[in-house]
Amino acid sequence: MKISQIEHIGIAVESIEKVLPYFENVLGLKCYKTEVVEDQKVKTAFLKVGEVKLELLEPTSPESTIAAYLEKRGQGMHHMAFRIEDGVANAIAEADAAGIRLIDKAPRKGADSMNIAFLHPKSTVGILTELCEPQA
Ligand code: ZN
């Protein structure tokens with residue numbers, strides 16, 4: 001697979017509204033978008049740090065995987081996302097062939113107009129890893 005950059009870093013938070021003042025007023029970053037991703041049961045907020053984004057993730061339901069994460073570990077870094085230049089489907093196939101445990105066997109729609117797929121942290125040095133590409 002061909003990775004061009006870290007696309008974003010996902011951060012699990014209890015409440016976007018409560019943590020935004022830290023990111024905006026202390027760090028001086030600007031939130032440029034919020035979006036609810038229904039099938040993942042999360043509300044997201046995006047801030048840019050140069051070419052890299054921060055993706056704040058707030059659960060919209062107790063069944064959200066983010067809710068489970070917060071319950072277990074509290075707020076903090078949740079995942080790292082790489083921008084794939086030669087196709088997420090291709091990257092999944094390569095990871096699968098290399099014996100990496102997949103969370104998604106095919107690309108699906110993520111936030112901020114991206115196609116995404118996750119690799120399991122048990123196979124990726126403990127880091128929940130997202131592969132993403134802009135939707136065509
Ligand atoms: Zn993400």
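Here are questions and answers on this predicted model.

Residues are numbered from 1 along each chain as its sequence is written. Local features need pLDDT of at least 70, side-chain atom pairs count only at pLDDT 80 or more, totals for chains, interfaces and linings use all residues, and side-chain values use heavy atoms, with hydrogens and water left out.

Me: Which protein residues are the donors of the zinc ion?
Reply: Donors are N, O and S atoms within 2.8 Å of the metal (3.2 Å for Na, K and Ca); water is not among the atoms, so sites may look incomplete. Here the donors lie 2.0 to 2.2 Å from the zinc ion. Their spacing along the chain is H-x46-E-x23-H-x50-E. They are H8 (NE2), E55 (OE), H79 (NE2) and E130 (OE).

Me: What is the arrangement of the four donor atoms around the zinc ion?
Reply: Four donors count as tetrahedral if all angles lie between 85 and 135 degrees; four count as square planar and six as octahedral if opposite donors are over 155 degrees apart and all others between 65 and 115; anything else is irregular. The angles here run from 84 to 169°, so the arrangement is irregular.

Me: Are H8 and H79 buried or exposed?
Reply: Buried means under 20% relative accessible area, exposed over 50%, partly exposed in between (1.4 Å probe, protein chains only). Both H8 and H79 are buried.

Me: Which residue in β4 stands opposite L47?
Reply: Strands pair if DSSP finds at least two bridges between them. β3 and β4 run antiparallel, joined by eight bridges. Their hairpin has two residues between the strands, and G50 takes a positive phi near 60°. The residue opposite L47 is L54.

Me: Where do the buried residues of α2 lie around the axis?
Reply: The buried residues of α2 (residues 65-73) are I66, A67, Y69 and L70. They cover an arc (from the directions from the helix axis to the C-beta atoms) of only 160°, so they lie on the same side of α2.

Me: Which residues does the face of α2 turned away from its buried side carry?
Reply: The buried residues pack against β1, β3, β4 and β5. The face turned away carries the exposed residues T65, E71 and K72.

Definitions and conventions:
Helices (H or I, at least four residues) and strands (E, at least two) are DSSP runs, numbered from the N terminus. Contact means heavy atoms within 4.5 Å.
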